[in-house]
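Student: I have a structure to look at, and I would like to work through how its parts meet. Could we take it step by step?

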Amino acid sequence: MTGDDMYRYLIKRILLIVPTLFGAATLVFFLMRLIPGDICVIRLGSGGTSFTEQALSECHAALGLDRPLWLQFIHFIWGFCRLDLGTSMWSGRPVAYEIATRFPVSLEIAVFATVIAVIIAIPLGTISALKQNSWTDLAVRTFAIAGIATPSFWIGIVSLLAVLNLTQYFFGQPWMPPINYVSVWQHPLRSMSIVILPAVTVGYRYSAVVMRMTRSAMLEVLREDYIRTARAKGLVNRIIVNRHGLKNAMLPVVTVIGIEFAFLIGGLVVTETVFNLNGIGRLLVQAIGNQDYTLTQGIVMLIVTIFVLTNLVVDVLYAWLDPRIRFA
Amino acid sequence: MPLLDVVDLHAEFRTGLGRVPAVNGVSFTVDRGETVAIVGESGSGKSASALSLLRLIPDPPGRITGGRILFDGRDLLQLSEAEMRQVRGGDIGMVFQEPMTSLNPVLTIGRQITETLEQHRGADRTGAERRAIELLSLVGIADPGRRLKQYPHQLSGGMRQRIMIAIAIACDPKLIIADEPTTALDVTIQAQILELMKDLTRRLGAALIIITHNLGVVARYANRVNVMYAGRIVESGPAAAVYRRPRHPYTMALLRSVPRIDRPRQSRLDPILGQPPDLTRVDDGCAFRPRCRFAIAACARRRPTLMAGREAGHLAACLRQDEIALGAEMAL
Ligand SMILES: Nc1ncnc2c1ncn2[C@@H]1O[C@H](COP(=O)(O)OP(=O)(O)OP(=O)(O)O)[C@@H](O)[C@H]1O
Ligand SMILES: [Mg+2]
């Protein structure tokens with residue numbers, strides 16, 4: 001591929017990001033305001049105390065909720081353009097700060113889950129396809145179906161119990177992963193011990209999805225004429241599978257990995273709850289429950305941005321894998 | 001000793017509808033440097049036979065169930081998988097029908113040629129690339145250095161088929177099997193590709209098995225021809241003899257169904273009537289008899305084997321071949 005082609009392709013893709021982000025921003029802004037409820041009512045009325053009209057309108061004024069809707073919208077968009085997400089209506093702290101404290105643990109889980117899923121799924125999916133309908137294939141497919149059918153909170157609870165019981169049994173002392181998150185960069189081992197169980201829990205389902213995609217893509221590719229050509233050239237199986245098969249089969253697999261990864265960033269609520277981790281998923285649920293517009297908008301925009309960037313990476317990988325896209 | 005001696009080859013597909021005996025006792029020979037054509041309707045087992053020669057029948061559902069394939073004195077059916085890999089792409093090159101899908105879309109043309117050389121010749125990267133450029137010139141591709149870096153979708157169908165041919169001849173094979181190499185191409189390109197293959201096989205001294213629907217191709221390029229029907233060879237002989245004096249009613253029908261250059265313009269072409277037989281339920285009689293104008297009661301009782309007629313080396317599997325051939329000559 002010449003640098004020029006790739007460059008043009010990238011520019012095209014990056015330009016497409018702008019309208020996507022704007023659309024998402026508009027949606028989240030208005031959808032949030034469609035949900036009945038009022039953050040000031042929740043704040044003032046918590047604990048069952050009564051409050052005056054006066055206090056309510058003061059609260060609205062303080063949060064800027066008394067201004068016309070379009071003004072609020074422009075304020076939000078303009079802030080987003082300057083990468084300023086404002087302050088949380090609930091805590092009064094900067095949204096960026098709230099996100100920064102809660103995001104790393106979710107990201108780490110998502111990244112580990114992806115690594116686990118890919119390491120397990122691609123070899124198993126490939127073997128499964130190569131030995132279609134054998135016992136190996138059957139075992140792999142059963143493993144995959146179980147992964148998709150079992151709710152991850154259940155796997156989470158069971159694995160947590162298993163760790164408790166096994167450590168009790170072997171060391172005489174039950175061990176639980178620590179709850180307070182520390183970054184991988186500071187304490188790699190401690191950090192890993194926190195995220196490994198949740199990562200395996202979601203990674204299992206994740207790998208099941210990727211495995212099934214790898215298997216079916218590989219089965220399809222193995223029937224292609226160019227595989228027959230490769231065999232007619234007398235190539236060894238390893239080269240036929242790796243060079244001719246996998247590179248073609250990876251196209252749909254990369255898409256699935258991208259979608260699942262982006263989904264994990266905001267979709268870990270249940271897992272975070274089971275493992276009692278303060279991740280971004282739980283923060284989002286709290287923010288919505290509190291009618292905290294600014295925080296919700298900030299988190300949603302973060303998730304959308306990650307989604308869009310993941311898509312960009314997938315597109316670039318696609319172009320790298322498939323010359324027909326690069327030169328289109 | 002012929003280069004290739006196929007003896008009573010059987011191959012079948014196991015499908016939901018039953019066993020399909022796609023290759024049902026096929027025997028033929030190919031001498032060194034010779035061009036042998038295999039013709040027949042769609043579904044007559046031409047591709048299945050060709051793929052069986054390299055043991056490339058998709059398994060499952062396909063399987064070679066019997067026979068011998070003597071190539072250069074060795075029975076290919078007895079070779080280990082590793083020995084067979086040396087034959088594939090090394091001693092025998094293959095060209096497929098679909099140039100559009102037979103090349104890997106995500107690998108460069110160069111890589112798809114050099115990997116064969118690396119596999120069989122143990123060539124290093126630069127040596128293989130030099131040879132690849134040579135090969136591209138040999139198959140008539142201009143500016144080979146640039147083409148090597150391109151991908152299949154950047155080339156026309158005719159060019160891709162030239163690439164397939166380059167791959168097939170890369171390791172100086174003794175035999176090239178071409179399964180309908182021109183069917184997917186424009187008529188003008190077809191002639192170019194056929195001329196190229198004829199020229200290359202002569203230069204390399206390689207034998208060629210060419211599978212085709214096109215009897216004109218046979219007359220022009222083949223030394224000998226085998227006509228297949230329902231998984232069997234029903235007529236076999238020198239190309240000119242089969243083309244001018246067919247002895248099997250099926251061959252005659254096949255010839256009447258295409259325009260011919262060696263006859264005055266016919267008033268019309270006769271498509272072969274009826275359907276090709278359902279291979280899952282063939283009986284002991286001649287498989288062509290339901291569609292045959294000359295069928296008699298005896299045709300249902302016994303399947304005729306290939307028998308020599310008046311000309312040496314010209315065989316047909318028909319009970320009435322002598323009288324039919326005579327009748328055809330009288331009619332002319
Ligand atoms: N993969 C397969 N599975 C099941 N049956 C098959 C398979 N491939 C071929 N067959 C059957 O084997 C028979 C011979 O097929 P083959 O492809 O050899 O025909 P052919 O003479 O090459 O026809 P064509 O001119 O269309 O290429 C047909 O009846 C076909 O239906
Ligand atoms: Mg065919």
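**Where the two chains meet**

Tutor: Chain B and chain A together bury about 2300 Å², and 56% of this lies on carbon and sulfur atoms; buried area is the accessible area (1.4 Å probe) that two parts lose on being put together, summed over both. This is a predicted model, in which local features need pLDDT of at least 70 and side-chain atom pairs count only at pLDDT 80 or more, while totals for chains, interfaces and linings use all residues. Residues are numbered from 1 along each chain as its sequence is written, chains are lettered from A and ligands numbered from 1 in the order in which they are written, and side-chain values use heavy atoms, with hydrogens and water left out.

Student: Which three residues supply 23% of the area that chain B buries against chain A?

Tutor: We look for the three residues of chain B that give more of this area than any other three. They are B:P105, B:V106 and B:E115.

Student: Which side chain meets B:E115 in a salt bridge?

Tutor: A salt bridge is a side-chain nitrogen of Lys or Arg within 4 Å of a carboxyl oxygen of Asp or Glu, and the count between chain B and chain A is 2. In one of them, with N to O at 2.5 Å, the partner of B:E115 is A:R243.

Student: Which residue forms a salt bridge with B:E41?

Tutor: Chain B is divided into domain 1 (4-222) and domain 2 (246-331), with bounds from an automatic or database domain assignment. Across their interface the rule finds 1 salt bridge. The closest N and O atoms are 2.9 Å apart, and the partner of B:E41 is B:R291.
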